[in-house]
Amino acid sequence: MAEAHAKGDALRVIKAAGEMSRPMRLPIPNGLLPKDSNHLYITVADGSNHSYKIACTPNGWKEITLGRGWQRFYHEYKLQPSNILLFKHKGRDDFSVRIFQSPGVERTYDTSGDDSGDETPPQAPRKRTTPTQAPRRRMGCINVPRSSAAAEMEQTFQSEHPFFIMHITKRLLGIHFLPNVPHFGDDVNDDAIVNLRAGEISVQAVYGRYVGKRRRNCGSISQGWGDFLRKCNITVPKLAVFEISRTQPEVELLVQFVDFE
């Protein structure tokens, strides 16, 4: 079962959860997502502001298949094959999701208990107490690693902070800035001071977000990045894990450099 509706300007997709082991395909046209996007973010309407980053690949022009990250979401929300999912496009690569046990009966969103209960929505609209003014804080890995070594690191690295992984190649060691850095969060300006920390080493750098629609969710770190590499004595290619420990009043990144084969 799969249905897609455009209500106003927002695309809505109704889809059965199906088996976790089978690919999840959504009737979403390629042009809906940002150009060259290979992932999307889904947030369950439970007030937690916890977003899941899920890789996606196109199937023709009118369908995408969800990949890495979908099974984690399926497991943590204890989905059943008969559950009905309502995806609503919020803009760019963001989607909200509501989970229904059966038509008209919405799930309670408890990811930590043993059982998932039912919640039958009342006929009158409810006033939700979700923290609408709080910026969304993405958890887990917020970028799609581009090398196999970085992708393997993503599967094993654990942190209480959102993080991203980058492959510091020989080419990147020869330039004074770090490109294609994912934007840190909705509460961070397009230009921001970044404190880079690795153990006792601390260097202040500058982050600048790219302009234009195509690369709006990324930027670069400069004016301090080269100095940070020198102080950390990074002279050969490494994997770098950046944990976003805070975003206000300044961004702080806890950096670990890891050898790889």
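**View 1. Strand S15 and its bridge partners.** In S15, Leu-178 has Ile-221 as its bridge partner. The model is predicted, so local features need pLDDT of at least 70 and side-chain atom pairs count only at pLDDT 80 or more, whereas totals for chains, interfaces and linings use all residues. Residues are numbered from 1 along each chain as its sequence is written, and side-chain values use heavy atoms, with hydrogens and water left out. Helices (H or I, at least four residues) and strands (E, at least two) are DSSP runs, numbered from the N terminus. Two strands pair if DSSP finds at least two bridges between them. S15 (residues 218-222) is mostly covered, with four of its five residues buried; buried means under 20% relative accessible area, exposed over 50%, and partly exposed in between (1.4 Å probe, protein chains only). Strand S12 (residues 178-182) pairs with S15 in the antiparallel sense over three bridges. Strand S14 (residues 201-209) also pairs with S15 in the antiparallel sense, over four bridges. Gly-219 in S15 stands opposite Val-181 and opposite Arg-209.

View 2. Contact means heavy atoms within 4.5 Å.

View 3. Asn-195 lies in strand S13 (residues 191-198) and counts as buried because its relative accessibility is 9%. The side chains of Asn-195 and Glu-250 are joined by a polar contact of 2.9 Å. A polar contact is a pair of N or O atoms within 3.5 Å; within protein, one must be able to donate a hydrogen and the other to accept it, and residues adjacent in sequence count only if both atoms are side-chain atoms. Leaving out residues up to four places away in sequence, Asn-195 touches Val-203, Gln-204, Arg-246, Glu-250, Val-251, Glu-252 and Leu-253. Pro-249 lies in the loop between S16 and S17, and a cis peptide bond with omega of about 0° joins Gln-248 and Pro-249.

View 4. Thr-65 is in strand S6 (residues 64-66) and is buried, at 13% relative accessibility. Its side chain makes a polar contact of 2.5 Å with that of Asn-59. Beyond four places in sequence, the residues that Thr-65 touches include Pro-23, Met-24, Arg-25 and Ala-55. Pro-23 lies in the loop between strand S2 (10-16) and strand S3 (24-26) and is partly exposed, at 47% relative accessibility.

View 5. Lys-78, in the loop between helix H1 (70-76) and strand S7 (84-91), has phi near 50°, a positive value in a residue other than glycine. Lys-78 is partly exposed, with a relative accessible area of 24%. Arg-92, in the loop between S7 and strand S8 (94-102), has a positive phi near 50° and is partly exposed at 34% relative accessibility.
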